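The exercises below are to be worked with the sequence and the coordinates at hand.

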Amino acid sequence: ENVLFRVPKERLIENSDVFETMFTLPSGEGEAMEGSSIDHPVKLQGLSSTEFRALLDVLYPSPTA
């Protein structure tokens with residue numbers, strides 16, 4: 001869908017072994033780590049932007065008034 005989300009990775013790492021591994025394994029020599037910048041985003045296949053927004057709502061709830 002070509003939608004870019006910019007979120008702090010800490011909660012993703014805390015709540016997902018997959019993201020933890022992705023962000024802690026070293027990248028190949030001379031390669032930028034996936035998710036390290038806007039130019040090198042994490043690309044999620046098979047997940048709609050609506051589904052990812054729902055996940056973000058759980059991980060990063062809006063403060064209540």
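A residue is called buried under 20% relative accessible area, exposed over 50%, and partly exposed in between, with a 1.4 Å probe and protein chains only. This is a predicted model, in which local features need pLDDT of at least 70 and side-chain atom pairs count only at pLDDT 80 or more, while totals for chains, interfaces and linings use all residues. Residues are numbered from 1 along each chain as its sequence is written, and side-chain values use heavy atoms, with hydrogens and water left out.

**Exercise 1. Describe the overall make-up of the model and its confidence.**

Step 1: take the secondary structure from DSSP runs, where helices are H or I with at least four residues and strands are E with at least two, numbered from the N terminus. The protein has three helices and zero strands, and from the N terminus on the order of its elements is α-α-α.

Step 2: turn to extent and surface. The C-alpha trace spans about 45 × 25 × 20 Å along its principal axes. The accessible surface, from the Shrake-Rupley method with a 1.4 Å probe, comes to about 5,400 Å², of which 51% belongs to carbon and sulfur atoms. Of the 65 residues, 12% are buried.

Step 3: read the confidence, for which pLDDT is the predictor's own value for each residue, from 0 to 100. The mean pLDDT is 89, and 98% of the residues reach 70 or more; confidence is lowest in H2, at a mean of 90, and highest in H3, at 93.

**Exercise 2. Find the aromatic pairs and classify each one.**

Step 1: state the rule. Rings of Phe, Tyr and Trp (its six-membered ring) pair if their centres lie within 6.5 Å, and planes under 30 degrees apart count as stacked, over 60 as edge-to-face and the rest as tilted. By this rule the count is two aromatic pairs.

Step 2: examine Phe 5 and Phe 52, whose ring centres are 5.0 Å apart and whose planes stand at 65 degrees, so that this pair is edge-to-face. The pair links distant parts of the chain, since Phe 5 belongs to the segment before helix H1 (10-15) and Phe 52 to helix H3 (residues 49-59), 47 residues apart. Phe 5 is partly exposed at 26% relative accessibility, whereas Phe 52 is buried at 8%.

Step 3: examine Phe 19 and Phe 23, a stacked pair with 6.2 Å centre to centre and 15 degrees between the planes. Both residues lie in helix H2 (residues 17-24), four residues apart, about one turn of the helix. In general, an α-helix has 3.6 residues a turn, so residues three or four places apart point the same way. Phe 19 is buried at 11% relative accessibility, and Phe 23 is buried with a relative accessible area of 11%.

**Exercise 3. Which residues of H3 are buried, and how are they arranged around the helix?**

Step 1: list them. Ser 49, Phe 52, Leu 56 and Leu 59 are the buried residues in H3. Seen down the axis of H3, they fall within an arc of 80 degrees, so they line one face of the helix; the arc is that of the directions from the helix axis to the C-beta atoms.

Step 2: look at the other side of H3, where Thr 50, Asp 57 and Val 58 are exposed. The cover over the buried residues of H3 includes H1.

Step 3: follow one member in detail. Ser 49 is buried at 10% relative accessibility. With contact meaning heavy atoms within 4.5 Å, and leaving aside neighbours within four places in sequence, Ser 49 is in contact with Glu 1, Val 3 and Phe 5.

**Exercise 4. Which residues does Ala 32 touch beyond its sequence neighbours?**

Step 1: locate Ala 32 in the loop between H2 and H3, where Ala 32 is partly exposed at 39% relative accessibility.

Step 2: not counting residues up to four places away in sequence, Ala 32 touches Ser 27 and His 40.
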